[in-house]
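Hello,

Here is the structure I promised to pass on to you.

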Amino acid sequence: MVGARSDRHGARSIRFVQRPVTAWRVSLLFRTVVIATAATTVAVIIATVWAALAIQSDLYGARTAQVEEDTKRAIDFTQQNLYDAAPATDRAAIQSLRQSMLEDLSASSSTHLIVGGPIPGLTSDDAPSAFKSRSDVFDASLVPDGLREQVRTVPETQWLQPIGLTGVDGRVVPGIIVGQQIQLPPVGSYEVFFAYPLTDVVETLVFVQGALALTGIALVVIMGAVVWLVMRSVVAPVVDVARASARFADGDLSARLVESGQDELAVLSRSFNQMADSIENQIRELADLSLVQQRFVSDVSHELRTPLTTIQLAAEVLYGDRDDFDPIAARSAELLHDQVGRFEQLLTDLLEISRYDAGSVELEREETSLSGVAEQVAESMRQVAWQNDTEVRFRGADGDDVIPMDPRRIRRILRNLVGNAIEHSENRPVFITVAQNDTAVSVGVRDQGLGMRPEHVERVFDRFWRADPSRQRTLGGTGLGLAIALGDARLHDGAIDVWSEIGVGTHFVVTLPRVPGPEQEVVPPIAAQPVDELTTGDLRAGNGTDTETLVVMHKPEGER
């Protein structure tokens, strides 16, 4: 129970941290309010500290000037009274004069914290002892030695120094000590020190600082609220635009914004609606045009079936009797037979492409071994390879490579890839390799022919595209085979990867996931770029090569 409670507490803590992070990343309003509030807070703190320091300096300066003036008035008043008093001729009179001096100092100053005493070397031996006012808060031991030395050495100057004084409640409060010499006729010079607590200054400063702090907090809160209100009025239409754009991008062509007012946001809404109307019209026009094109291809293909069948039958008859013709007619019968077959294949491919464009293709999956399918294709292509003086080498998977697939379509992919490899192998061996892992099964088809340049690799799956337009197709290709092969692979949520290098050859890798689905994470068992020696036929992933190569990844349609 304790562990479960700790886990829940940790999960809540993580969510507590993640929520503001997520809000910062996805919310313009939250980010703007936080930035504005933080900037306002910094500015208010700087202004408040500066104002507090300025007020503190002014208060201390004013209090210091007041203390100096109060001390000077007390010293001058007392000194004048001492000079005006009758000369003291005996010890009792001197003692009385000293007491009168203390009373005058206390009466003429605003503080009752006064201490004083004779200065050694500047008074006679019969000078009265030190004195102090009736207070336990301040005595001679609190006077700093430096201040005492200044008062004794410079008699005509008034000296002061900050000090900490203990109040009646035991708390230490700041204060100022002021010292100066005073003459006590006829015995000599006395040092007198006045202590002034700054309790009133501290209280005023605390009040001002509290007022500044409350004002600063109020300003931050008010600024945050103002920014939130202003930004909400600005961001809300932007959020509406973002949501409408997301809906429009997801295919909802009816997504529009409410238009109101004449300001910039209203102009943005109208512009968005106009843009959406224009895009919707263009998409519909393109869709209609695409539908017309698909119907045209399908209708033409179907309409050509009947005359093509008649021509094909006639061509078969002529081809079968070609031995009875003269050489020129016999060769014409062979060409007619080959071209009619190619025409038949072209119509078949066009119909298949039209089905892909219309989205009407469905798979007939069954649990099948990819090695078995690849081996069947290799066997079926051996006659073609023999005719092109090319060796086909096959290597099956080492483990279980049975996955759900449509065998007919996979055979069509491999026949196309193997046929292309034989045609472009320049009479060198063609390698067919099957491999599997926990996530996918792959088959690689590798030739050692001329290869392709990088810009050609990027277009190899384009319809009717040829790397070398002047090169004749010896196997009667239509230019749609690789496009159909890529479409078949995507129907299986798979991919076809291509690597090619001039003078080295080309490698096609078909990868099919073990579990169908566009969200599955798949690691291809065979790398598109081969690394092992070609003579071994092992095209699995490795270290890479030193030559310049290009690998193009063709992923399922949903991941592009």
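Strand 11 (residues 495-501) is mostly covered, with seven of its seven residues buried. Here buried means under 20% relative accessible area, exposed means over 50%, and partly exposed is in between (1.4 Å probe, protein chains only). Strands (E, at least two residues) and helices (H or I, at least four residues) are DSSP runs, numbered from the N terminus.

Before going on, a note on the source: this is a predicted model, in which local features need pLDDT of at least 70 and side-chain atom pairs count only at pLDDT 80 or more, while totals for chains, interfaces and linings use all residues. Residues are numbered from 1 along each chain as its sequence is written, and side-chain values use heavy atoms, with hydrogens and water left out.

Back to strand 11. In a regular strand the side chains alternate between the two faces of the sheet. In strand 11, both faces are covered: Ala495, Asp497, Trp499 and Glu501 are buried on one side, and Ile496, Val498 and Ser500 are buried on the other. Its partner is strand 12 (residues 505-513), paired in the antiparallel sense over seven bridges; two strands count as paired if DSSP finds at least two bridges between them. Across that pairing, Trp499 stands opposite His507. The hairpin has three residues between the strands, and Gly503 takes a positive phi near 80° there.

Another part to look at is an open, antiparallel sheet of five strands in the order 2-1-5-4-3. Strand 2 (131-132) and strand 3 (159-166) are its edges, each pairing on one side only. Strand 2 pairs with strand 1 over two bridges, in the antiparallel sense, and Gly116 stands opposite Phe131 of strand 2.

His112 counts as exposed because its relative accessibility is 51%. Not counting residues up to four places away in sequence, His112 touches Ser133 and Ser135, where contact means heavy atoms within 4.5 Å. His112 and Ala195 are 83 residues apart in sequence, yet 8.0 Å apart in space, C-alpha to C-alpha.

**A buried arginine**

Arg148 lies in helix 4 (residues 145-153). Arg148 counts as buried because its relative accessibility is 17%. A polar atom of its side chain lies 3.0 Å from the backbone oxygen of Ala140. Leaving aside neighbours within four places in sequence, Arg148 is in contact with Ala140, Val143, Glu191 and Phe193.

Trp24, Phe30, Val34 and Ile35 make a nonpolar surface patch of about 340 Å². Such patches are made of residues with over 30% relative accessible area and no salt bridge, with nonpolar side chains (Val, Leu, Ile, Met, Phe, Trp, Tyr) joined within 5 Å and like charges within 9 Å. A salt bridge is a side-chain nitrogen of Lys or Arg within 4 Å of a carboxyl oxygen of Asp or Glu. Helix 2 (residues 28-84) gives the most to the patch, with three residues. Ile35 lies in helix 2, and is partly exposed, with a relative accessible area of 49%.

**The whole protein**

The protein has twelve helices and 13 strands. Of its 560 residues, 36% count as buried. The accessible surface comes to about 31700 Å², with 57% belonging to carbon and sulfur atoms; areas come from the Shrake-Rupley method with a 1.4 Å probe.

Best wishes

Definitions and conventions:
Polar contact = N/O pair within 3.5 Å; in protein donor to acceptor, adjacent residues only side chain to side chain.
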